[in-house]
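These are my notebook entries on one model.

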Amino acid sequence: MKLDQLSLPTFEPGWVWLAGAGPGDPGLLTLHALNALQQADVLVYDALVGDDILKLVSENCLLEYAGKRGGRPSPKQPDISNRLVQLAREGKKVLRLKGGDPLVFGRGGEEALTLVEAGIPFRIIPGISAGVGGLAYAGIPSTHRDTNHAVTFLTGHSASGNVPDSIDWPSLAKGSPVIVIYMALKHLPMIQQRLLDGGRSKDEPVAIIRNATLDDQEVLETTLGACAEDVAKSGIKPPAMIVIGEVVRLRAALDWVGALSGRILTADPLGTRNQDLAV
Ligand code: SAH
């Protein structure tokens, strides 16, 4: 079957499609996102959407930037939402494209609520979130039967710019074997302290993944006890994901990106495979 036989939806004038672009690698766009890029009249995009993806728009599409860059003040969230309403009312096919998934720490819900209030028809196109796809490119599963049956995704940064107060850190430390944190670099020392205070071991493995899925992806492996210091020493900058938990050990076996450039993978990083075979 050819792609054009999939009967992907037609973008109607006056509609807003709120889409995720995935974590960076253009190959991780969904077919719906690609279909949207090819039909949009105007693309309102965020800082995390890369140039290779922007180039997929049709020739006549206008590009409007709505994110932080080069220290310029970022547009306020209500301004962006109102701009989407305005463009839709002008009869444009408006594509609002965000990094990762629009509804995962992406304020997509807020923008969609404004569209509903204004009576603008819309579609939501999910994307691969950095907390899942970014980890996969570092060779770290978010769940694995031998290490965790639960995972918690959290943001290290609330609207006020601080570590979110609404997180019950002692419960999180006790209850979530794997913790995946977006926007965590700035407050890593505080997050580290709260998890250690909550009883997590300082030897627990931690990975920091910068520019996940892109050619310049960097992964720093450390421990909960050393992570803040190691990050400060390495000079690693956002955007980065932080993964805390035993699942990080699987990277020794599953770092397929590293293997592409010669890393030798370890077959049994948890020492559990032979037991499995014996069962
Ligand atoms: N909606 C996005 C998250 C937006 S919040 C999603 O679903 O992925 C922005 C944060 O996402 C960044 O600070 C960083 O923590 C994370 N992030 C997004 N893309 C990333 C990438 N390619 N590599 C590492 N972290 C990324």
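Entry 1. I first asked: with which residue does Glu218 form a salt bridge, and how far apart are the closest N and O atoms? I noted that I was working with a predicted model. The partner of Glu218 is Arg210, and the closest N and O atoms lie 3.7 Å apart. I then looked up the accessibility of each residue. Glu218 has a relative accessible area of 37% and is therefore partly exposed. Arg210 stands at 18%, so it counts as buried, the cut-off being under 20%.

Entry 2. I next looked up Arg251. It forms a salt bridge with Glu221, and here the closest N and O atoms are 2.7 Å apart. This pair links distant parts of the chain, since Arg251 belongs to helix H9 (residues 251-254) and Glu221 to strand E9 (residues 218-223), 30 residues apart. Arg251 has a relative accessible area of 8% and is therefore buried. Glu221, at 41%, is partly exposed.

Entry 3. I turned to the sheet. I found an open sheet of 5 strands in the order E3-E2-E4-E1-E5, with parallel pairing. Its edge strands are E3 (62-65) and E5 (122-125), each of which pairs on one side only. From one strand to the next, the twist averages 20 degrees.

Entry 4. Strand E2 (residues 42-45) and strand E4 (residues 94-98) run parallel and are joined by 4 bridges. I recorded that Val42 stands opposite Val94 in E4. I then asked which strands helix H4 touches. Helix H4 (residues 108-118) packs on the sheet and touches strand E1 (16-20), E4 and E5. The direction of H4 makes about 170 degrees with that of E1.

Entry 5. I returned to the salt bridges and asked how many there are by this rule. The count comes to 15. One of the pairs I looked up is Lys98 with Asp46, whose closest N and O atoms are 3.8 Å apart. This pair too links distant parts of the chain: Lys98 is in strand E4, while Asp46 is in the loop between E2 and helix H2 (51-54), 52 residues apart.

How values were computed: Residues numbered from 1 in each chain as written. Predicted model: local features only at pLDDT ≥ 70, side-chain atom pairs only at ≥ 80, totals over all residues. Heavy atoms only, no water. Pairing = 2+ DSSP bridges. Helix = DSSP H or I, 4+ residues; strand = E, 2+ residues; numbered from the N terminus. Axes fitted to C-alpha atoms, helices over the stretch in contact; angles between N-to-C directions. Contact = heavy atoms within 4.5 Å. Salt bridge = Lys/Arg side-chain N within 4 Å of Asp/Glu carboxyl O. Buried < 20%, exposed > 50% of the residue type's maximum accessible area, 1.4 Å probe, protein only.
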